[in-house]
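Hi,

Here is the structure I promised to pass on. Have a look at it first, and my notes follow below.

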Amino acid sequence: MLQRPTIRILGIDPGLRRTGWGVVESIGNSLSFVAAGTVTSDAKFDLATRLRQLYDGLQAVMATYRPDEAAVEQTFVNKDAVATLKLGQARGIAMVVPALAGLPVAEYAPNAVKKAVIGVGHGDKKQIHMMVKVLMPRATFDTEDAADALAIAICHTHHRQSAAARAAFEAR
């Protein structure tokens, strides 16, 4: 019997002040919690230094947990153009760190993450965090951003399993 490989997935919820990260392992339909946390930047520094702090923090996460794939939440545009631009720059860091390590990086809209975790495309953070704990009872997270990152990783496991099933079906 073929043993399914363990896939380690890094979910990232980008933000300039706080970037959440969560690592899960997927073996077939089984999902397990590995770790979660938050990388922060210091608001007293200039933008370039803050982006470097995020980069260094995510590099450390990559070196410690050695994921196979990464998933990042897509940016939503809000009324404050400057805040949106800064979020986009933090998101760029969140995407380039795993890409530089050779990992495939998937992107998911916030509604896709909610749908994968709570079953509907609209819901509040409390519902998401509750379902993360239901799906992975051993999960611990220090911030809402880390919980959101775990939800992004969970979303990716669902989407990659669907894609693998489609590919296997089409190969017949």
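Let me start with Tyr55, which is found in helix H1 (helices here are DSSP runs of H or I with at least four residues, strands are E runs of at least two, and both are numbered from the N terminus). This is a predicted model, so to speak of local features we need pLDDT of at least 70, and side-chain atom pairs count only at pLDDT 80 or more, while totals for chains, interfaces and linings use all residues. Residues are numbered from 1 along each chain as its sequence is written, and side-chain values use heavy atoms, with hydrogens and water left out.

Tyr55 has a relative accessible area of 23%, so it counts as partly exposed (buried is under 20%, exposed over 50%, partly exposed in between, with a 1.4 Å probe and protein chains only). Leaving aside neighbours within four places in sequence, Tyr55 is in contact with Ile93, Val97 and Leu100 (contact means heavy atoms within 4.5 Å).

Now the inside. The largest nonpolar core has 20 residues, and Val132, Met136 and Leu150 have the most contacts inside it (such a core is a set of buried Ala, Val, Leu, Ile, Met, Phe, Trp, Tyr and Cys residues joined through side-chain atoms within 4.5 Å). Strand E1 (7-13), strand E5 (105-108), H3, H4 and H5 each supply at least two residues of this core, and its largest share, seven residues, comes from H5. Apart from this core lies another, of 19 residues, with Leu10, Leu54, Ile93 and Leu103 among them.

As for Leu150, its contacts beyond four places in sequence include Val24, Phe33, Val132, Met136 and Phe141.

And the aromatics? The structure holds one aromatic pair: Trp21 and Tyr65, tilted, at 5.4 Å centre to centre and 35° between the planes (rings of Phe, Tyr and Trp, the last by its six-membered ring, pair if their centres lie within 6.5 Å; planes under 30 degrees apart are stacked, over 60 edge-to-face, the rest tilted). Trp21 sits in strand E2 (residues 18-27) and Tyr65 in helix H1 (residues 47-65), 44 residues apart, so the pair links distant parts of the chain. Trp21 is buried at 8% relative accessibility, whereas Tyr65 is partly exposed at 23%.

Cheers
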